[in-house]
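I opened this notebook to record what I looked up in one structure.

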Amino acid sequence: MGSLDRCGKEKQVVDCPKCKNVVLLETRLAGELPAARCSQCGGSWLPALAYQQWQRERPNHNASPEHLLNGSYIHLQPSEFDTKACLCPQCRRYLSRTRVESKPPFFLEHCQECEGFWFDAGEWEALRQLGLANSLPELFDPQWQAQFREQQQIQAERQQMIDKLGPDLAQKIVELTDTILDHKNGDFALAYIMRKAVNNPNIENFKDEKIV
Ligand SMILES: [Zn+2]
Ligand SMILES: [Zn+2]
């Protein structure tokens, strides 16, 4: 049996990028998407045109960074090959990697030259669970990644505040902060809070916890 080229047609035999001398065999991801699979590691190569055709049939392919942050638990045992760098089975160039910040996280690989994707065993299914299967190129976009990191930081900060103060007080602080920052004389309120804090004997504790 042969392998698939970037048009999804039969082409020369190609080896698994992660295993040595194992030929990729024709398969269909999710029973519909023509790809090439390694019977040894269970990884799959998805040629660009096959993917793009599939993607066009699914109009909703603008996953926001929040999308990944909100529903990030997945059923995946990351492959032992997940962190192994490898060459594109078609172009022989190193595949780019991006870390998908699900729980657990994993690396997705992509060829910048032919634009195909490599999924280690279980990763395609995981991307579908995350609702990201038809937004794969965005995951490699630096602007998308920057937005994602920013959202991740905001979420971590809020979580830290909830852990320290409890959900009710944390919510009040968020609302109060927004109110102060939106107010034309907000600096007056901030100065008042700072004055109270500086004159409070517990200020040393605040310093210890690196709050101020
Ligand atoms: Zn393999
Ligand atoms: Zn390639």
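The entries below begin with the conventions and then turn to the contacts.

**Entry 1: conventions.** I note that this is a predicted model, in which local features need pLDDT of at least 70 and side-chain atom pairs count only at pLDDT 80 or more, while totals for chains, interfaces and linings use all residues. Residues are numbered from 1 along each chain as its sequence is written, chains are lettered from A and ligands numbered from 1 in the order in which they are written, and side-chain values use heavy atoms, with hydrogens and water left out.

**Entry 2: salt bridges.** I searched the whole structure for salt bridges (a side-chain nitrogen of Lys or Arg within 4 Å of a carboxyl oxygen of Asp or Glu). The search returned 7 of them.

I looked up Lys18 and found a salt bridge to Glu109, with 3.0 Å between the closest N and O atoms. This pair joins distant parts of the chain, 91 residues apart: Lys18 is in the loop between β2 (10–11) and β3 (25–29), and Glu109 is in strand β7 (residues 106–110). Helices (H or I, at least four residues) and strands (E, at least two) are DSSP runs, numbered from the N terminus.

I then checked accessibility, where buried means under 20% relative accessible area, exposed over 50%, and partly exposed in between (1.4 Å probe, protein chains only). Lys18 is buried at 2%, and Glu109 is buried at 0%.

I next examined Arg93, which forms a salt bridge with Glu113 at 3.5 Å, N to O. Here too the pair links distant parts of the chain, 20 residues apart, with Arg93 in the loop between α2 (65–70) and β6 (96–100) and Glu113 in the loop between β7 and β8 (117–119). Arg93 is partly exposed at 48%, and Glu113 is partly exposed at 45%.

**Entry 3: a network.** I recorded a network of salt bridges that links Glu32, Glu57, Arg58 and Arg128. Within it, Arg58 and Glu57 meet at 3.6 Å, N to O. Arg58 is partly exposed at 22%, whereas Glu57 is exposed at 57%.

**Entry 4: the zinc ion.** Which protein atoms are the donors of the zinc ion (ligand 2)? I found the SG atoms of Cys88, Cys91, Cys111 and Cys114, lying 2.2 to 2.4 Å from the ion. Donors are N, O and S atoms within 2.8 Å of the metal (3.2 Å for Na, K and Ca); water is not among the atoms, so sites may look incomplete. Along the chain, the donors follow the spacing C-x2-C-x19-C-x2-C.

The 4 donor atoms subtend angles of 104 to 114°, so the arrangement is tetrahedral (four donors, all angles between 85 and 135 degrees). Cys111 is buried at 0%, and Cys114 is buried at 3%.

Terms used: Four donors count as tetrahedral if all angles lie between 85 and 135 degrees; four count as square planar and six as octahedral if opposite donors are over 155 degrees apart and all others between 65 and 115; anything else is irregular.
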